[in-house]
Amino acid sequence: MATDHAAPVMLLSLLLLIAVLFQFIRRAQTSPDRLAIRRIPGIDAIEHSVGRAVEQGRPIMFTTGLTPLGPVLYACMGVLSFVARKAALFRSRLIVPQSAPDALALIEDVVSESYRLEHRSSSFDSTSLMYLSDEQFAFASGYIGITHREQPGAAFLFGSFAAESLILSEAGQQVGAAQVAASVSPEQVPFFVCTCDYTLIGEELFSASAYLSKEPVLVGSLYAQDRAKVGIMILIVVGILFETMKQVVPSLRAIPDLVSLLISFHWSALTT
């Protein structure tokens, strides 16, 4: 069995986290007003960039870089849906170059649905959603060409990026686009900070997506993860304090380490 390689306490902890996750998702579905998300400055940057492009009469670009299908892409879809609805509302052209064909299929569905929600289905142009290449620098070259030809007023770079991050952001800077980036790749954050107007770092991407989309799954997941982090931090602090007290008060050293006992407890102990 696969569970033979996991201690019972770890399996129980995982089940507890899953239960908390589903509980918050259900609460977000039934009582969305009870789960408030703090507005971060990145939200203002996104709205300002969209407004600037609309005022200039220039298109909006949005790319998820090298992001494959997965949680990061789904978070990016929350922001893309918001940007697409604004583009549809103000009749601004939205250009979405992509490097993954399977991600493009999902993106096309999200953008078309956003236009439908704004009653602008007739304005949706599927040719503005384009697959460039799944090769890293071929995709970057195609992105540069589109940027210089279309002269976007705003460019959004959300998702996972690698060595092409600086190439993409420099292209937007050269045409004077207001750029907002959000990356879960720590190595690429410094490049975005230097070349973009605003950069959302790490989990701010998930927070912005949940805030803008109000999607129950995203909101509930965000709440559950934050509570789990608080619980883990409390356990860490309690463990540090207890170990410190054992060093200060020698008589406490005779007390067995409960955490170590729980982690080392194995399935075989249940069958003996």
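A crossing of two helices is left-handed if the near helix is turned anticlockwise from the far one by less than a right angle, and right-handed if clockwise. The legends below describe a predicted model, in which local features need pLDDT of at least 70, side-chain atom pairs count only at pLDDT 80 or more, and totals for chains, interfaces and linings use all residues. Residues are numbered from 1 along each chain as its sequence is written, and side-chain values use heavy atoms, with hydrogens and water left out.

**View 1. Helix 3 crosses helix 8 in a left-handed manner.** Helices are DSSP runs (H or I, at least four residues) numbered from the N terminus. The axes of helix 3 and helix 8 come within 8 Å and cross at roughly 45°. Helix 3 is therefore oblique to helix 8. Axes are lines fitted to C-alpha atoms, for helices over the stretch in contact, and angles run from 0 to 180 degrees between N-to-C directions; angles under 35 degrees count as roughly parallel, over 145 as roughly antiparallel, 65 to 115 as roughly perpendicular and the rest as oblique.

View 2. Helix 8 contributes Ser-207, Ser-209, Ala-210 and Ser-213 to the contact, while helix 9 contributes Leu-218, Val-219 and Leu-222. By class, this contact of helix 8 with helix 9 has 4 nonpolar, 3 polar and no charged residues. Here Ala, Val, Leu, Ile, Met, Phe, Trp, Tyr, Cys and Pro count as nonpolar, Asp, Glu, Lys and Arg as charged, and the others, Gly among them, as polar.

**View 3. Helix 3 passes helix 4 in a right-handed crossing.** The two helices pack at an angle of about 35°, with their axes 8 Å apart. The contact of helix 3 with helix 4 comprises 14 nonpolar, 2 polar and 1 charged residues.

**View 4. The second largest pocket is lined by 16 residues.** A pocket is an open set of points on a 1 Å grid over the protein atoms alone, where a 1.4 Å probe fits, with protein on both sides within 12 Å along at least five of seven lines; lining residues have an atom within 4 Å of a point. Gly-78, Ser-81, Phe-82, Leu-212 and Ser-213 lie nearest the centre of the pocket. Helix 3 gives the most to this lining, with 8 residues.

Definitions and conventions. Contact means heavy atoms within 4.5 Å.
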